[in-house]
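Good morning, colleagues. Please take a moment with the sequence and the structure, and I shall then go through the points I have selected.

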Amino acid sequence: MRILALLLMLLPTLALSQGAATLVADNVTLNGQDQLIASGNIEVLYEGNRLRASRIIYDQTTDQLTIEGPIVLQAADGTLLTADQASLDPQLENGVLQGARLVLDQQLQVAANQLDRRNGRYSQLYRTVASSCAVCGNRPPIWSIRAERVIHDQTEQQLYFENATFLIRDVPVAWIPRMRLPDPNLERATGLLIPEQANTTQLGTGIKVPYFITLGDHRDITVTPYLSPETRTLELIYRQAFVNGTFRAEGAVSDDTLEDENRSYIFAEGTFRLSGDYQLSFDIEAVSDRAYLLDYGYSGKDRLDSAIGLLRVTDSTLTQVNLTYYQTLRDDEDNSSLPPIVADLSYETRTRPTFGGTLTLGASLDAAYRYSDTNGDAGRDVTRAGARAVWQQDRLLGYGIVGEWQTGVRADIYDVQDDTAFEDTNLRIVPHVGVTLRWPWAMTTDTGTSHLIEPTVLIAGSDQFGDIPPNEDSTRSEFDQANLFSISRFAGEDAVETGGQVAAGVTWTRTGSAGTISTLTFGRVSRTEDNADFTRSSGLANNQSDWVVVGQLQIPDGFAFDARTLFDDNLEPTRAASLIRWQNETVSLSAAYIWQAKDAAENRPDTVSEWTLDAAFELSQAWSLSLDARYDVAADRPVRGGIGLEWRNECVTIDVSASRRYTSSTTVDPTTSFGLSGSISGFSAGRSGGRPAARCTN
């Protein structure tokens with residue numbers, strides 16, 4: 001019969017500690033007045049710690065526990081300790097264990113002839129072997145560390161090795177007199193991270209050795225020297241968390257053989273919550289020369305933007321303030337005429353007046369500044385101030401028709417400098433009115449499949465009174481299902497659509513009983529006036545717009561397809577784009593294609609026809625493969641390509657990668673890069689073992 005006893009009755013030392021221990025055993029006997037002997041399926045519970053053993057003798061005179069194994073001690077933090085026999089104090093904080101094995105975070109195992117526990121914090125292990133690899137029979141683990149002594153600091157979560165040897169399949173590879181490694185429970189610790197071998201055709205074969213430095217609980221910095229025959233580079237990443245936000249900065253400084261001067265870049269960003277529901281965000285992007293980011297693979301951006309913004313969103317208002325500085329890295333652009341400095345401020349509020357509907361009021365101020373004083377587009381500076389009011393109301397009509405009425409007016413005043421084609425001051429007023437009618441038809445079949453067909457018609461008109469200002473923010477327009485029924489399809493404020501217009505389209509949505517969803521939308525716009533601000537390839541340049549056709553398909557097993565096409569009355573395409581995705585437990589596939597007709601008004605002298613591919617495959621529990629590619633069909637040449645191969649088990653990860661970047665730029669040369677990195681699991685500096693242990697076979 002199992003007997004439950006409170007050690008508190010017999011262990012006065014334990015009674016003075018933070019709590020009482022509980023002993024459960026098949027048999028508990030007293031040997032005189034000083035000894036308690038427990039045997040058979042023993043469990044001792046104390047402050048989250050659990051001890052299992054075959055026999056325990058407590059001597060009140062020495063205040064010691066003599067424990068016979070097999071012993072299993074599981075700490076409150078999940079640490080597992082096994083031993084053959086032990087002599088411990090009642091608090092399980094001090095003592096000696098023979099034939100001990102320490103298991104940290106169910107990953108790293110440290111076996112020792114003897115383990116000494118001190119003050120509940122330190123564990124000293126003698127003649128140790130540490131590894132996170134599975135051991136099959138007498139076969140040695142993939143890697144192991146043998147050391148004369150290992151000290152485990154449970155408070156600092158650190159492992160200190162003395163006279164250590166790193167072995168691969170029991171073959172010594174490196175001897176290290178002293179080293180410190182974090183235990184796998186530690187999230188952040190100062191120390192070396194995983195080195196990476198890098199090989200590019202421009203920079204040669206090099207190595208990156210990152211070093212992570214903690215600066216308290218809320219700050220850290222990563223310093224990475226990068227050395228090769230062609231470059232000496234220092235990379236930095238700084239991160240800091242605040243009570244009300246975050247900040248991150250990364251950058252690098254290089255002395256290489258590609259340029260005569262030192263090269264550098266910095267990317268920084270931050271987001272902060274301010275009082276009054278405001279949010280402050282900013283980012284800084286700067287580089288020393290046009291080719292640096294691509295030469296080192298830091299970024300593929302060809303325009304940099306540094307910005308600071310203020311945002312406030314409430315149930316009925318939206319406030320935005322932004323200031324942006326642009327830096328071009330393109331060969332055919334001059335930074336002084338982008339424009340490089342753009343500022344905008346806007347405020348919008350929505351109310352529900354007593355006469356019904358929704359009333360939206362807004363005001364905005366924006367400016368575009370160029371360094372150049374050249375007359376015309378290259379030097380023009382523009383400042384605009386505007387206000388608008390829009391009233392909308394929805395109403396359900398007969399036969400299930402949904403009607404939406406909209407009317408509004410906007411007024412803008414422009415100040416134009418360095419362009420004699422426009423007056424210094426331009427005033428413009430644009431009123432509009434429109435009605436949208438939707439007539440949804442729904443049906444559900446006997447099999448549970450539902451169909452929804454929704455014909456939609458927009459009838460609207462608008463006009464422009466006053467001056468015609470320069471167009472700075474509406475030079476590119478996208479025509480798709482999202483703005484098919486909009487009164488104006490320009491992206492910005494400078495250009496507006498005028499005259500009467502009728503937009504008509506139909507959307508069909510099918511939802512299958514098994515969860516498959518398919519959607520098809522098509523429609524076009526008819527207008528009484530042309531607009532010169534629409535480019536030919538936008539699909540909106542003529543009185544009759546191109547047809548927009550959009551199809552989507554989603555299947556529950558992870559397959560999705562999305563396609564959009566613009567074509568004219570002769571069925572000649574203007575633009576086309578498609579995306580196909582398939583994702584399950586073993587495959588992740590994404591392929592995209594884009595086609596655009598040449599258009600000098602959009603700085604596109606040649607037809608664009610490109611496809612991109614991103615794929616990842618789980619070949620087995622250990623092997624995974626990734627692929628990415630981009631191909632210019634119109635030019636019949638590849639743009640980039642890459643392949644990555646990973647082998648990973650419970651204790652080792654090895655990554656091999658290769659990529660090739662092609663370019664037609666005169667400032668950036670094509671380059672091929674190779675990468676090799678490896679890590680061992682079991683320490684927080686490496687990745688935790690996400691793969692199951694290898695299966696042992698005879």
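I begin with the disulfide between Cys 133 and Cys 651: the torsion about its S-S bond is about 95°, so the disulfide is right-handed. Please bear in mind that the model is a predicted one. The two sulfur atoms, of Cys 133 and Cys 651, lie 2.0 Å from each other. This bond links distant parts of the chain, as its two cysteines are 518 residues apart. Cys 133 sits in the loop between strand 10 (122-131) and strand 11 (143-153). Cys 651, for its part, belongs to the loop between strand 41 (637-648) and strand 42 (652-661). Are these two cysteines, Cys 133 and Cys 651, buried or exposed? Both Cys 133 and Cys 651 are buried. As for the number of such bonds, the structure holds one disulfide.

Let me turn to the chain as a whole. The protein chain contains 43 strands and two helices. Its radius of gyration is 35 Å, whereas the globule rule gives 26 Å for 698 residues; the chain is therefore more spread out than a compact globule. The C-alpha trace, taken along its principal axes, spans about 110 × 70 × 55 Å.

What share of the 698 residues is buried? Buried residues account for 37% of them. Among contacts with a separation of 6 or more, 42% are between residues 24 or more positions apart.

On charge, the protein chain carries 92 negative side chains and 58 positive ones. The centres of these two sets are 6 Å apart.

Tyr 371 is found in the loop between strand 26 (358-369) and strand 27 (381-396).

Thank you for your attention.

How values were computed
Residues numbered from 1 in each chain as written. Predicted model: local features only at pLDDT ≥ 70, side-chain atom pairs only at ≥ 80, totals over all residues. Heavy atoms only, no water. Helix = DSSP H or I, 4+ residues; strand = E, 2+ residues; numbered from the N terminus. Rg over C-alpha atoms; globule rule 2.2 N^0.38 Å. Buried < 20%, exposed > 50% of the residue type's maximum accessible area, 1.4 Å probe, protein only. Contact = heavy atoms within 4.5 Å. Lys, Arg positive; Asp, Glu negative; His and termini not counted. Charge placed at Lys NZ, Arg CZ, Asp CG, Glu CD. Disulfide = S-S within 2.5 Å.
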